[in-house]
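Please look over the structure below before reading on. The report that follows describes how one part of the chain is packed.

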Amino acid sequence: MQQPAHTGCTGAEVQGGHGGPSSAGTAAPASGGAPCVKRVQHASGPGEDAASTAKRPRNRPHIFALSVPFPSPLEADIACGSLSPDPEPHPGAVWKEVTVSGSVLAVRWRADDSRLLRISIVNFLDHLTMVMRTMQRFGPPLSR
């Protein structure tokens with residue numbers, strides 16, 4: 001004898017103790033008496049709805065810029081020299097430019113994939129943190 005199909009609060013359909021295609025789209029009150037709402041599957045990514053995804057141009061790149069002020073131009077140059085040699089793990093997918101203007105280290109990223117852009121930025125910030133802590137630990141540099 002089969003039990004009636006129901007949907008738990010997690011959105012998983014259950015019929016007779018097992019999920020299955022015949023239980024899709026059914027909903028009944030959970031054990032607490034209040035009905036749970038089935039989650040709708042979207043083709044879009046997290047935090048987006050299908051309508052906003054459909055309107056967004058596909059080839060529009062994601063761009064991120066970061067400016068980091070340093071106490072002196074020499075410290076900005078040292079940081080740039082320490083951070084520039086690291087190549088991007090996805091050279092065709094993420095573009096990164098590191099420059100120095102006076103005592104400001106400027107970094108610009110451009111990528112088509114937001115996930116790869118985020119990974120590149122997080123890795124850069126980890127390396128930047130290590131460079132800044134090292135510079136603080138050893139004190140101001142001697143002039144060149």
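Which residues in helix 3 are buried? In this predicted model, the buried residues of helix 3 are Leu116, Leu117, Ser120, Ile121, Phe124, Leu128, Val131 and Met135, and what covers them includes strand 3 (62-69), helix 2, strand 4 and strand 5.

Helix 3 itself has 25 residues, and the distance of 36 Å from its first C-alpha to its last is close to the 36 Å expected at 1.5 Å a residue.

The largest nonpolar core has 19 residues, of which Phe70, Leu105, Trp109, Phe124 and Leu128 touch the most other members.

| Element | Residue range |
|---|---|
| Helix 2 | 73-83 |
| Strand 4 | 94-101 |
| Strand 5 | 104-111 |
| Helix 3 | 114-138 |

Helix 3 gives the most to this core, with seven residues. Leaving aside neighbours within four places in sequence, Phe124 is in contact with Leu66, Leu83, Lys96, Val98, Leu105, Val107 and Trp109.

Val104, which lies in strand 5, counts as partly exposed because its relative accessibility is 28%. Residues up to four places away in sequence not being counted, Val104 touches Ser67, Val68, Pro69, Ala76 and Thr99, and its C-alpha is 7.2 Å from that of Pro73, although Val104 and Pro73 are 31 residues apart in sequence.

Definitions and conventions: Residues are numbered from 1 along each chain as its sequence is written. This is a predicted model: local features need pLDDT of at least 70, side-chain atom pairs count only at pLDDT 80 or more; totals for chains, interfaces and linings use all residues. Side-chain values use heavy atoms; hydrogens and water are left out. A nonpolar core is a set of buried Ala, Val, Leu, Ile, Met, Phe, Trp, Tyr and Cys residues joined through side-chain atoms within 4.5 Å. Buried means under 20% relative accessible area, exposed over 50%, partly exposed in between (1.4 Å probe, protein chains only). Helices (H or I, at least four residues) and strands (E, at least two) are DSSP runs, numbered from the N terminus. Contact means heavy atoms within 4.5 Å. The expected span of a helix is 1.5 Å times one less than its number of residues.
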